[in-house]
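Hi,

Here is the structure I promised to pass on. Have a look at it first, and my notes follow below.

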Amino acid sequence: MQCFLMNHRGYKCRMGIINDRELVLLLPFNTKVYSFYHILINDIPYYIPEKKEFAVNKLKTYSREIKFATQTPDLFLHTPLKLGQNKFSRKEFIFNKKKIILPVNEHLIDFYATYPTCDLRVYASAPIDTTLLVPLREVLRKDSSGHTHTCEILRFMHACFKHQSDSIVWGRERYFFAEESLYYPYLDCEDSAILFRHLVNRLTGLEAILVIYPEHVAVAVDLPYRGMEKCVTHHDKKYMICEPSYIGALPGKQIPSMEETRELFCY
C-alpha cells in the first residue's frame, strides 16, 4: 500500500523481498542516508528503511520502472511542520540569573526520532519552531552590537548545555535538529553548532555558517575581523570562528586541537 501510494503521488519507490521471506520498501533519497542498508539500481541508491546491513543477506526486486513516478523523496525540510499543538514539554534554563522557559513541541520531537541519519545539511537547513525564539529574544540582549549579541548567545550555549559524545549517550552517531538540542539533556559538537547557527541567524541577523573538520563541527559568523581572531574564508568572505562546545571561548577562539587541522568544507 505504501509503495502504491508513493508511486501514484509521483515518487520513485520499489518493493523488494529480503532473505526470501520479508517484503520491504526500497526508497531513493535526494541525499545520502547513513543508517539504512541500500542497493544500487541503475546507479541510484535505494534504501530499506529500518534495515541494518547485517539483517540483509539476499535482496530481490523487479526491473520494471513506473513511468509516472519520477520524483526522488526529499529529506530536506523546507517549511515548518504542523504536527499538532496539544503536547508540549517545558524546558527550563537559567541564564544571567533569569529563567527561560521554552515550550518544545513533543509531536515534533517524536517525528524527528523517526528520521534517518542523513547529511548534516538537512539538520542545519531545517526551519526552527519560531515559538521557541520568543523567550530567547527576551533574555538574550538584542539592543547591542552584532559582536556583543553573538558573545551573549555563545555564553548561553556554554552555560546552559551539557556536552557528551553520541557514542556514550546513544551508542551511535546521531544528529539533532535544533528543537532536539533544546529537548535532550546532552549535545554533541555538531548539535551545538546547528543550534547556535540557528540562534545567531535568527536573533542577530548576522550570517553564520557551519565549519566541518574531520572529527569536529564548529560555526563561523560574519563578524568584523580585528586581526588576531581565527577565521575561515567561504565564497571569498571571512567568517570568524565561534565554538559553542568549547566552554568559555569567545568569538575568534578555536579549540587548540583544531588549530593545526584544516577544515573540510563550510556551508
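Which residue takes a positive phi in the hairpin of strand 12 and strand 13? That would be His 235, with phi near 55°, in a hairpin that has two residues between the strands. Bear in mind that this is a predicted model.

If you want a spot to look at, Thr 233 stands opposite Lys 238 in strand 13.

Positive phi values turn up elsewhere too. As a bit of background, most residues other than glycine have a negative phi. Asp 20 has a positive one, near 60°, and you'll find Asp 20 in the loop between strand 1 and strand 2. Asp 20 counts as partly exposed because its relative accessibility is 42%.

Asn 19 is in that loop as well, between strand 1 (14–18) and strand 2 (22–26). With a relative accessibility of 16%, Asn 19 falls under the 20% cut-off, so Asn 19 counts as buried. For a sense of distance, the C-alpha atoms of Asn 19 and Thr 150 are 54 Å apart, and 131 residues separate the two along the chain.

Then there is Asn 42, in the loop between strand 3 (37–41) and strand 4 (44–48). Phi of Asn 42 is positive as well, near 55°. Its relative accessibility is 58%, over the 50% cut-off, so Asn 42 counts as exposed.

Cheers

Notes: Residues are numbered from 1 along each chain as its sequence is written. This is a predicted model: local features need pLDDT of at least 70, side-chain atom pairs count only at pLDDT 80 or more; totals for chains, interfaces and linings use all residues. Side-chain values use heavy atoms; hydrogens and water are left out. Helices (H or I, at least four residues) and strands (E, at least two) are DSSP runs, numbered from the N terminus. Buried means under 20% relative accessible area, exposed over 50%, partly exposed in between (1.4 Å probe, protein chains only). Two strands pair if DSSP finds at least two bridges between them.
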